[in-house]
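Hello,

Here is the structure we spoke about. Please have a look, then read my notes below.

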Amino acid sequence: MTTNVTAYAAPAAKAPLERTTVPRRAVGEHDVLIEIKYAGICHSDIHQARDGWGEGIFPMVPGHEIAGIVTETGSAVTKHAVGDRVGVGCFVDSCRECQYCRQGLQQYCERGMTATYNGRDKAGDPTYGGYSSHIVVDEDYTLRIPEGISLDVAAPLLCAGITLYSPLAHWKAGPGKKVAVVGLGGLGHMGVKIAHAMGAEVTVLSQSLRKQEDGRRLGADHYYATSDPATFEELAGSFDLIVSTVSAPLDFDAYLSLLKTDGALVNVGAPEDQVKLNLFSLIGGRRTLAGSAIGGIPETQEMLDFCAEHGLGAEIELIRADQINEAYERVVDSDVRYRFVIDAATL
Ligand SMILES: [Zn+2]
Ligand SMILES: [Zn+2]
């Protein structure tokens, strides 16, 4: 039997979000019922609520940075118990059978993962995200949030945190490695914290020096303005790894010139337009231009454990549910340091 729960939803594309109720499925034998405590606002929530990525499913309840407490478990649940602190990220299911699902890389599922919102579950019903009082999720797609992190600063780790952790881990950021993070926003600030905790020498490449003090406090060793052409001369051939979090189109040739031989430039921000590139920027120096999407369930758990061990959470601005529309405008204006988190008690 479904239950109706309180939520904030966009009733139609580009419409302001408003308070409403949405159905949650009955707790199945492998499901947990989660009382949501906090939900982060990710830039992609805004893209989707405003239908920037094409056909959205409305009403839409965004939110894929969810932290809460288990309040009920299905009869076959073994990983979680009532009272557990848990998180839910960008997907709530996948095929579970393909080569990627079997490797724990559910984000690259051959049949497509089931998005936490603006998706359809295996029964064909629309999924509703974290701007809500409760959510029902299969235990296999539910993460454990260790005691070392409070739930409000843990919520953004479920998208922003894993989006940066995964490429940093895959391309082996660590002691002796020089890592640059392009853009110091919701994603970039987690990149700086995580790369620093991994032991890498971290440089922020930002449009201006406006946030330099923050960048250094978060763990950056160096901070450069990309609006200054001297930056590209001074840093030529410097980095083992550059992770770009910006969605504005980059001058890829210029950024690739900052890599050492065998260096990689990895994009986690996605420009809407096609990009231009001179392949000699890759050939000379055997460089790699790559992309990376969130992380699978095992790696997301590894990231949460890593963050707890190193005392890392997101830098957040906690808001009430009735401030969501205002927060959306501020995210679009890059006026947040560094993530808005909705206090679900105010729904
Ligand atoms: Zn996100
Ligand atoms: Zn799969």
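How many helices and strands are there in the chain? The count is 11 helices and 17 strands. Keep in mind that this is a predicted model.

Overall dimensions come next. The radius of gyration of the chain is 20 Å. That agrees with the value near 20 Å for a compact globule, because the chain has 347 residues. The C-alpha trace spans about 65 × 40 × 35 Å along its principal axes.

Then burial and contacts. Of the 347 residues, 47% count as buried. Take the contacts in the chain with a separation of 6 or more: 67% of them are between residues 24 or more positions apart.

Now the domains. The assignment gives two entries, domain 1 and domain 2. Domain 1 is written in two segments, 3-159 and 295-346. Domain 2 covers 161-291. Their C-alpha centres lie 27 Å apart.

Which residues make up the interface between them? On the domain 1 side, 19 residues are in contact with 13 residues of domain 2. Helix α10, residues 297-309, supplies the largest share of that domain 1 side, with 4 residues. By type, the domain 1 side that touches domain 2 divides into 9 nonpolar, 6 polar and 4 charged residues.

Best wishes

Conventions
Residues numbered from 1 in each chain as written. Chains lettered and ligands numbered in written order. Predicted model: local features only at pLDDT ≥ 70, side-chain atom pairs only at ≥ 80, totals over all residues. Helix = DSSP H or I, 4+ residues; strand = E, 2+ residues; numbered from the N terminus. Rg over C-alpha atoms; globule rule 2.2 N^0.38 Å. Buried ≥ 20, exposed ≤ 12 C-beta atoms within 10 Å, placed from the backbone. Contact = placed C-beta atoms within 7 Å. Domains from an automatic or database assignment. Nonpolar A, V, L, I, M, F, W, Y, C, P; charged D, E, K, R; others polar.
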